[in-house]
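Hello,

Here is the structure I promised to pass on. Have a look first, and my notes follow below.

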Amino acid sequence: EPVLVFSIDAQHSMAVTALGFTNSVRFLITASKDGSIKRWDLHKLAQDKIEESLSEGAKKRADERKKKDQRHPDKPEEHPLKVKAHQGGVAVLIMHHHGEFFLTSGVQDPKMTIWDAETMLDLQHFETPKDANTLHATFSNDGKFVISADTTNQFRLWNIEGNKEVFSSTLDSTDVMHSIDFASDGRFVATVAVEAQNITIWDAAAGLKVQGILVGHSAPVVKTSFSYDGRYMCSVAKDKTLIAWHLKDCQAIASLLFDHEPSALFVGRSWPRLVAGDSTGHVYMMQVIFPTRLNLEEESSVTQERLASPDHSKGTRSSLV
């Protein structure tokens, strides 16, 4: 089941809407409904967490060291580093597969922006259709293109060097989508209709045919996120739950109950580590623990038995403090 590693107050003025680790896992980027993005140095965060647990004498020595560092010419930069990204809030934040770059899109402004995580400077903008909000985007494996999906059920391919749209395709669905997500290897696409409690998995390799329906949440799904290898996916919903799924058999393998409604989720390269944000602005770093290594047949059988058990919620969910 997911185990809490540590949590932080992201200190945005509104709910966290998107987040993720950079390729090197050096930085954590958080984005908010207030339109801002923040870059957190994970080494600095870990150091701060260690210092919180120190004795009074050790804390005093740590404070003296910080004061000394502040007098040094190479004064550390502000932490976290914060910039204003989009008017009306940040809707999408995704990471580059190779470099320390990431992409964001806004809730209201029709553009996608590529950022340098080292400097937090914006490098490039893509003007998106004004009648469509971007629901998700990802970089191609070679890093030369951006693939986006929007509220008109259109998939669009953008050439980064040429800064223009070069191809588009339409998802064969009449549903109005709340979210569209796709695995980094391009095989699976996950869609969630507006106010839907279920997640539809499409097999892109088979021509966008339905692979299965993920059923487990009791309230509308808020966010989904694939593991980098495309074998697993996690989802969070308004019922305050996080569920981890095995995609080959479309079965839940773990779940967790939050104290507050989750609003953001990221898995990616960090699997089985993941990070989630909630409506209070807090961010939680977690790791999914597998007690035993099961083959697919055993895993499916155990999962079905666990989900059918009356004590399922007690055995697979834990509360975040």
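Phenylalanine 266 has 14% relative accessibility, so it counts as buried (under 20% relative accessible area, with exposed over 50% and partly exposed in between; 1.4 Å probe, protein chains only). Phenylalanine 21 is buried too, at 8%.

A word on the source: this is a predicted model, where local features need pLDDT of at least 70 and side-chain atom pairs count only at pLDDT 80 or more, while totals for chains, interfaces and linings use all residues. Residues are numbered from 1 along each chain as its sequence is written, and side-chain values use heavy atoms, with hydrogens and water left out.

The structure holds six aromatic pairs (Phe, Tyr or Trp rings, the six-membered one for Trp, with centres within 6.5 Å; planes under 30 degrees apart are stacked, over 60 edge-to-face, the rest tilted). In one of them, the ring centres of phenylalanine 21 and phenylalanine 266 are 6.1 Å apart and the planes are at 75°, so this pair is edge-to-face. Phenylalanine 21 belongs to strand β2 and phenylalanine 266 to strand β22, so the pair ties together parts 245 residues apart in sequence. Strands here are DSSP runs (E, at least two residues), as are helices (H or I, at least four), numbered from the N terminus; the protein has four helices and 24 strands.

The charged end of arginine 39 sits over the ring of phenylalanine 27, 4.3 Å from its centre (CZ of Arg or NZ of Lys within 6 Å of the ring centre and within 35 degrees of the ring normal). Arginine 269 lies over the face of tyrosine 228, 4.1 Å from the ring centre.

Enjoy exploring!
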